[in-house]
Amino acid sequence: MKKSIKTYLKHPTNDNSNRSANPPVIRASTILFNTMQELYGHEKKIKRNQKITHYSYGRYGSSTTIELENMLKELEGAFHVFLTGTGFGGISLALMSICRPGDEILVSDNVYGPTKEISEKLLKEFKINAIFYNPESFYDLKSKISKKTKMILVENPGSNTFEFQDLSKIVKLAKRKKIYTFLDNTWGTPLYLKPLKIGFDMSFSSATKYYSGHSDAMGGSLAVNKKVFKSIMFFYKLSGYRMSADEAYLIIRGLRTLDTRLKQHFENTLKIINFLKKQKKIIEILYPYKPSSRNYKLWKKYYSGATGLLSIVIKSKKKSSVIRFVNSLELFGIGYSWGGFESLAILQDLKKQTEYTKGRHFFRFKKDEHIVRLHIGLEDPKDLIFDLKRSLKYIK
Ligand SMILES: *Cc1c(COP(=O)(O)O)cnc(C)c1O
C-alpha cells in the first residue's frame, strides 16, 4: 500500500543503517570514490537523474541534502528538486536558467518584492523584458502574450494582497503557446496545492517559511518536471547555488511536523479572523475564510487547506495611528518573513517606488486604506486576540 504523505514525511527512507531516527548531517566538500570508473559512472547517473545517495562533489550537496530532495520530490510529485541556500535563490535560479536575451516574461503584479525587482531591473540589464499582468484578470494576462513570451511567473496567492488565480487556465494557455510556467507556492505549500500536478513546469517554495517552521533556517526548493530539468541543472551547476547540510537537516526536521503545524496555524487563524471581522476599523480581510471572500471560489477549486498568513485592510486618514497599532502589539513581532511558530505583523507599503521597481501597476486600494500583513503563529489564540484588541484602539 502506498503510504500517505503524512506518514511518508515521518519515515522518508527505509535506511536506518545509522541506527538513529534521523539522517546524519554530512558536511562534505570532497566525496571519495574507490576507482576512477566509479567516479565517471556516478557522474553519468547524476546527469540522467538516476537515484543516488551522494553527489560527486560537495558543491552539489551531500547525502543529507539528497534526503531532503527526496522528501520534497515525493511531496511535490517532481522529476527533480533543486535546493538553494535561500528561498530567493530558487526564484533567481529559475529565471536565470530559462530566460535569455530577447525573451519576454509575464509576471504576476502581486509577486514578492525581490521577485519584482529582479524582473524589473536585473533582467532588463540582460535584455529580458518583464511585463506585469493583473493577477485578477486572465484576459489581461492573455492579451500580453507575444511570440517572445518565454515564461509566465505566477505567485498564488500574492503573499501581501492574496489574489487567487485560475491556475489550470494559465497552464492550458501556456502549453498551447509553448511557454514555460512557474508558480511560487510558498503560501499553500505542496501539502495543500501541487503545482506540478496541475501542469506547471516549476514549483517553488521558500523553505525558510513553513518547511523549516522555526525561523532559524533559510532555504529554497525548486521542484521541476522533466521538460526543464536539463536547463536548470546546467545553470545550477555553474551558478554555485547550494544548501548546506546543517540547513537541510533543520528543514527535514521541520517537514516532519508540517502537516500538524499547518493545521494549527489554520485553526488559530480562523479564530483570529472571527474576532477581526467584527472590528469596524478593518474594512476587509484578505484571506479565503468565507464563501463571499474575494476569490474564495478559486481558492476552493485548487487548495485542500489554508495557512496562517493574511492581510487586513485598515481604513484610516492617519497612517501614523496604523503604525502605532503595529508598534504596540506585544505578541506579534515586527519583521520580515513568516511561516515560523510565532506571530508577526508588518505594515506593507506596496505602492512605493524604489530604486529597482515602480511598485504595483494594478492596485485596488485607496490612499487611506492600509494593508497590515499578519502571520498567525502557534500561540494561544486567546492571547493573540487580547493583544490585537488592546492595540486596535490606537487606530484613529
Ligand atoms: C519569503 C519568500 C520568498 C523568498 O524566500 P527567502 O527564503 O526569504 O529568500 C519568496 N517568495 C515568497 C512568497 C516569500 O514569502
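Student: Phe162 first. Buried or exposed?

Tutor: Phe162 counts as buried, because its relative accessibility is 4% and buried means under 20%. Keep in mind that this is a predicted model.

Student: Where is the place of Phe162?

Tutor: Phe162 lies in the loop between E4 and H7.

Student: And what phi does Phe162 have?

Tutor: Phe162 has a positive phi, about 60°, yet it is not a glycine. Most residues other than glycine have a negative phi.

Student: Which other residue has a positive phi of about 60° although it is not a glycine?

Tutor: Thr189 is one, with a positive phi of about 60°. The place of Thr189 is helix H8, residues 189-192.

Student: Does Thr189 count as buried or exposed?

Tutor: Buried. The relative accessibility of Thr189 is 1%, and the limit for buried is under 20%.

Student: Back to the loop between E4 and H7. Where is Pro157 found?

Tutor: Pro157 is in the loop between strand E4 (149-155) and H7.

Student: What kind of peptide bond joins Asn156 and Pro157?

Tutor: A cis peptide bond, with omega about -15°. Most peptide bonds are trans.

Student: New topic, the ligand. How many residues surround the ligand?

Tutor: The ligand is surrounded by 15 residues. The closest are Gly87, Phe88, Asp184, Thr208 and Lys209.

Student: And which pocket is the ligand in?

Tutor: The largest pocket holds the ligand.

Student: What lies 2.8 Å from an oxygen atom of the ligand?

Tutor: A backbone N or O atom of Phe88.

Student: What about Lys209: how many Å from an oxygen atom of the ligand?

Tutor: A polar side-chain atom of Lys209 is 2.6 Å from a ligand oxygen.

Student: How much of the accessible area of the ligand does the protein cover?

Tutor: The protein covers 94% of it. On its own, the ligand has 370 Å² of accessible area.

Student: Which helix and which strand each supply at least two residues of the shell?

Tutor: Helix H4 (87-98) and strand E6 (202-206). H4 gives the most to the shell around the ligand, three residues.

Student: Leaving the ligand now. Where is the place of Asp109?

Tutor: Asp109 is in the loop between strand E2 (104-108) and helix H5 (113-125). Asp109 is buried, because its relative accessible area is 1% and the limit is under 20%.

Student: What lies 2.9 Å from a polar atom of the side chain of Asp109?

Tutor: The backbone nitrogen of His361.

Student: H5 came up there. Which residue has its place in helix H5?

Tutor: Lys121 is one of them. Lys121 is partly exposed, with a relative accessible area of 34%.

Student: How many Å separate the C-alpha atoms of Lys121 and Tyr356?

Tutor: 5.6 Å. Along the chain, Lys121 and Tyr356 are 235 residues apart.

Student: Where is Lys10 found?

Tutor: Lys10 is in helix H1, residues 5-10. At 33% relative accessibility, it is partly exposed. The C-alpha atom of Lys10 lies 8.2 Å from that of Thr257. Along the chain, Lys10 and Thr257 are 247 residues apart.

Student: Is Tyr60 buried or exposed?

Tutor: Buried. The relative accessible area of Tyr60 is 15%, and buried means under 20%.

Student: Last one. Where is the place of Lys177?

Tutor: Lys177 is in the loop between helix H7 (167-176) and strand E5 (180-184). Lys177 is partly exposed, at 46% relative accessible area. The C-alpha atoms of Lys177 and Lys150 are 9.4 Å apart. Those two residues are 27 residues apart along the chain.

Note on methods. Residues are numbered from 1 along each chain as its sequence is written. This is a predicted model: local features need pLDDT of at least 70, side-chain atom pairs count only at pLDDT 80 or more; totals for chains, interfaces and linings use all residues. Side-chain values use heavy atoms; hydrogens and water are left out. A residue is near a molecule or strand if one of its heavy atoms lies within 4 Å of it. A polar contact is a pair of N or O atoms within 3.5 Å; within protein, one must be able to donate a hydrogen and the other to accept it, and residues adjacent in sequence count only if both atoms are side-chain atoms. Accessible areas come from the Shrake-Rupley method with a 1.4 Å probe; for residues, only the protein chains shown count as cover. On a 1 Å grid over the protein atoms alone, a cavity is a set of points where a 1.4 Å probe fits but cannot get out, and a pocket is an open set with protein on both sides within 12 Å along at least five of seven lines; lining residues have an atom within 4 Å of a point. A molecule sits in a cavity or pocket if more than half of its atoms lie within 2 Å of its grid points. Helices (H or I, at least four residues) and strands (E, at least two) are DSSP runs, numbered from the N terminus. Buried means under 20% relative accessible area, exposed over 50%, partly exposed in between (1.4 Å probe, protein chains only).
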